[in-house]
Amino acid sequence: MEAVKMKTEETKNKAKLKITGAEAIIHCLLAEGVDTLYGYPGGAIMPVYDELYKFQDKLHHVLTRHEQGATHAAQGYARVSGRVGVAMATSGPGATNLVTGLADAMIDSTPMVCITGQVTRSLLGSDAFQETDIIGISTPVTKWNYQITRAEEIPEIMAKAFYIAKSGRPGPVLVDITKNAQFDEFEFSYEKCTAVRSYTPVPKPDIKAIEAAADLINQAKKPMIVWGQGVILGQAEEELKALVEKAGIPAAWTIMGASAIDTDHPLNVGMVGMHGNYGPNILTNECDLLIAIGMRFDDRVTGNLETYAKQAKVIHFEIDKAEVNKNVYADVAVLGNSKETLGLMLPLIKENSHEEWHNEFKKRYAIEYGEVIEKDIYPTKEGLTMGEVIKEINNAANNEAVLVTDVGQHQMIGCRYAKFKKSKSNITSGGLGTMGFALPAAIGAKMGAMDREVVAVIGDGGYQMTIQELGVIYQLNLPVKIVVLNNDHLGMVRQWQELFFDRRYASTVMTNPDFVKIAEGYHIEAKRVSKREDLEAAVQEMIASDKPYFLEVKVEKEDNVFPMIPTGASVSDIRLK
């Protein structure tokens, strides 16, 4: 009997896989279901790339032209697919070039795992070639980070990284791996992480809080919902829609929450925030109940906190306890995943319509339409407007495209006028406001949803920050559609200079290159439009193409985005002109 036992143990030990740390990284990625990653090779991460070469049939590595592009592509992939985005870089400047994308993913709650190479363990702290303390640098902009110095650590740390990145309120994780850990061999086995001590990603719902929230909703005469990306991340779109329809509550969204409910839904009253719609901004300060769902009361949404919704009771549905009472006091806080908490509350909600209250939003929309919207999308001026370009994209794509916007005037116009039928359709840099985000993010978005039309709408300023990523589109023949709205200015900064700095246009005029020739240099079909009569056909041609396509639209140089809440002002002080 003893001999049989010994033989079984011997067989088990032989079955264990002894591999290098570099190969272990690849096996960890495969075990987590990763099929696409973005990165840029270099000396300190070369062992992992060498192993990656052997697994090309299972893992598609996309060589971006800059490490920042890798992070934004991973973000776009994650935001559209709902999976964890993965980016990889070498040590030193390769690692530091990831930081902007990490910060962007952190504030926008995007699940991402970044892997960086590092100098060998014995050289740590010696200022070796391309050594940088990426753990110290990235700590403020990651949900978690860790430096691996021994190969044996790899399976546990990688499993933990993916679990933390995607659980609860998602976010970016960075794993730094010394070169010796990549070369050393160990007996590999992998087990997915399902819990981390002292980490509670999803709070258990409090039934009493849910009942209290339902009571406030049932009693309210002028309730208003503002939802954010937490609805999309929590996959609570259907629950939100059911609440809105059952209780008849006007519902507005932050830019990160856009597309969770069909833009044309009759109870969808538009966008809140600095360049949001007139009605939901003004009526925030007239509602008697403000129901915040999966949003964090960002300053661009609230304006002056001293005057924000002071007359209203506030219910805050939130997965991250740290966000509750951080900016706006909540009379009732409902912690947990919004899909679960809304689902538990729905049976307690009484049917209602609030028709008179909803008519107040319609009245404000009529004012905004006459003062702003009609002029933006049906202009009478000679020059093209950004709004009419978005309108043509909506029409050509049947309101079904994924819109990826950069940062600036075009971003606000895109978020205001894009029409969405499906969730996960509005991909933008919300909290950090990263110029250069859109082009690489569109690459990731297209790869995360190959069956969907992906249109990147970018300003001439932000486009030139990551223009080199056209090389990825050319190399992969990826059918991303790129629209550059060119006004030869840093438009949003110029708008502020006009309105608040007595038209002192300091460093905002752009002398731009020939964007069409640059696109053609990457063998991408390209066209330029400057006349209204040519716009519709050009957009239709772009959307109809099954190949990459670049369209430059020359728009008015001095168009401003309205409505607008001046910095530090109340949402009630929103300007229509």
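Predicted model: local features only at pLDDT ≥ 70, side-chain atom pairs only at ≥ 80, totals over all residues.

A residue is called buried when its relative accessible area is under 20%.

**A buried helix**

By that cut-off, nine of the nine residues of helix α18 (residues 409-417) are buried, and therefore the helix is largely enclosed by the rest of the structure. The residues concerned are Q409, H410, Q411, M412, I413, G414, C415, R416 and Y417.

**Confidence in the model**

The mean pLDDT of the protein is 95, and 97% of its residues reach 70 or more. Residues 1-14 are a stretch where pLDDT stays under 50. For residues 1-14 the model has zero contacts beyond four places in sequence.

Helix α2 is mostly covered, with eight of its eleven residues buried. Those residues are G21, A22, E23, A24, I25, I26, C28 and L29. Just after α2, G33 takes a positive phi of about 80°.

Which helix does α2 pass in a right-handed crossing? The partner is α8. The axes of α2 (residues 21-31) and α8 (residues 154-166) come within 10 Å and cross at roughly 35°. On the α2 side, the contact is made by G21, A24, I25, C28 and L29; on the α8 side, it is made by I154, P155, M158 and F162. By class, this contact of α2 with α8 has eight nonpolar residues, one polar residue and no charged residues. As background to such spacing, an α-helix has 3.6 residues a turn, so residues three or four places apart point the same way.

The two descriptions of α2 can be read together. G21, A24, I25, C28 and L29, which contribute to the contact with α8, are also among the buried residues of α2.

**Spans annotated in UniProt**

For "domain: Thiamine pyrophosphate enzyme TPP-binding", the record gives residues 406-553. The table sets out values computed from the model for these spans.

| Span | Helix | Strand | Distance between end C-alpha atoms |
|---|---|---|---|
| Residues 20-135 | 43% helix | 18% strand | 23 Å |
| Residues 210-342 | 32% helix | 20% strand | 8 Å |
| Residues 406-553 | 41% helix | 16% strand | 15 Å |

**Buried residues and their contacts**

A519 is found in helix α23 (residues 515-521). At 1% relative accessibility, A519 counts as buried. Residues up to four places away in sequence aside, A519 touches L470, I524, A526 and F550. A519 and I482 are 37 residues apart in sequence, and their C-alpha atoms are 9.9 Å apart in space.

H265 lies in the loop between β10 (251-253) and β11 (268-271). Is H265 buried or exposed? Its relative accessibility is 13%, so H265 counts as buried. Apart from neighbours within four places in sequence, H265 is in contact with K241, V244 and E245.

**Backbone features**

Two residues other than glycine have a positive phi and are described here. In N325, phi is near 65°. N325 belongs to the loop between β13 (313-318) and β14 (332-335), and with a relative accessible area of 42% it is partly exposed.

D488, which is not a glycine, has a positive phi of about 60°. The position of D488 is in the loop between β18 (481-486) and α22 (491-500). At 14% relative accessibility, D488 counts as buried.

A further backbone feature concerns a peptide bond. F562 and P563 are joined by a cis peptide bond, with omega about 0°. P563 is placed in the segment after β20 (549-554).

Terms used
Residues numbered from 1 in each chain as written. Heavy atoms only, no water. pLDDT = per-residue confidence, 0-100. Contact = heavy atoms within 4.5 Å. Axes fitted to C-alpha atoms, helices over the stretch in contact; angles between N-to-C directions. Helix = DSSP H or I, 4+ residues; strand = E, 2+ residues; numbered from the N terminus. Left-handed = near helix turned anticlockwise from the far one by under 90°. Nonpolar A, V, L, I, M, F, W, Y, C, P; charged D, E, K, R; others polar. Buried < 20%, exposed > 50% of the residue type's maximum accessible area, 1.4 Å probe, protein only. UniProt positions renumbered as here; feature names shortened; annotations may be inferred.
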